[in-house]
Amino acid sequence: MAYIREKNPAGQACIFETGKDTTHEKKGLLLYRDDLVLVLLNRFPYTNGHLLLAPSRHVGDISALSPVEGGALFAMIRESVVILRRHKKPDGFNIGLNLGQVAGAGHPEHLHIHVVPRWDGDHNFMPVIAGIGTIPEHIDNTFDQLLPDFQELLAGKNN
Ligand SMILES: [Zn+2]
């Protein structure tokens with residue numbers, strides 16, 4: 001799998017602490033949060049629908065994860081793939097994590113997993129979706145599209 005280079009403006013606070021006491025927050029692109037795991041829409045997407053999954057606890061290394069947190073993260077990978085397939089109909093996915101700055105992690109202090117939907121030939125139009133001015137609308141629309149599905153997961157858990 002190709003490295004996913006992440007952007008992190010210097011001095012930025014941990015993006016995974018956004019909406020700490022809520023289950024979702026549009027401003028922070030938070031699609032889902034429970035006690036164990038959270039899902040953000042990546043503000044600097046590789047492709048449309050690029051998600052970041054993280055433990056709700058602020059931990060940087062995979063060895064610090066409890067088995068329960070690890071299980072919740074993997075379960076959320078599964079749910080994310082199902083939801084993205086439903087709405088975005090990708091031809092495939094890149095799923096992975098960068099551990100440490102040297103490996104390309106833009107937020108090494110908080111472990112996160114990239115779920116990146118891929119389409120046949122998408123590398124040809126990636127420069128287009130990376131164009132300034134097109135991303136915010138993309139992200140807003142995608143957020144609105146995916147939010148109900150992620151919140152439905154939460155409702156299912158509380159029942
Ligand atoms: Zn954090």
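**Notebook: the zinc site and the sheet**

I began at the metal: the four donor atoms around the zinc ion subtend angles of 105 to 118 degrees, which makes the arrangement tetrahedral. For reference, I noted that the ideal angle for four tetrahedral donors is 109.5 degrees.

I kept in mind that this is a predicted model, where local features need pLDDT of at least 70, side-chain atom pairs count only at pLDDT 80 or more, and totals for chains, interfaces and linings use all residues. Residues are numbered from 1 along each chain as its sequence is written, and side-chain values use heavy atoms, with hydrogens and water left out.

**Entry: the donors**

Which residues hold the zinc ion? I found Cys14 (SG), Glu17 (OE), His58 (ND1) and His110 (ND1), at 1.9 to 2.2 Å. Donors here are N, O and S atoms within 2.8 Å of the metal (3.2 Å for Na, K and Ca); water is not among the atoms, so sites may look incomplete. Along the chain, the donors are spaced as C-x2-E-x40-H-x51-H. Helices (H or I, at least four residues) and strands (E, at least two) are DSSP runs, numbered from the N terminus.

Buried means under 20% relative accessible area, exposed over 50%, partly exposed in between (1.4 Å probe, protein chains only).

**Entry: the sheet**

Next I traced five strands, which form an open antiparallel sheet in the order S1-S2-S3-S5-S4. The edge strands are S1 and S4 (92-96), each pairing on one side only. Two strands pair if DSSP finds at least two bridges between them.

I then looked at S5 (residues 113-118), which pairs with S4 in the antiparallel sense over five bridges. Phenylalanine 93 has proline 117 of S5 as its bridge partner, and asparagine 94 stands opposite valine 116. S3 and S5 also pair in the antiparallel sense, over three bridges, and leucine 51 stands opposite valine 115 in S5. Why is S5 largely enclosed by the rest of the structure? Five of its six residues are buried.

Conventions: Four donors count as tetrahedral if all angles lie between 85 and 135 degrees; four count as square planar and six as octahedral if opposite donors are over 155 degrees apart and all others between 65 and 115; anything else is irregular.
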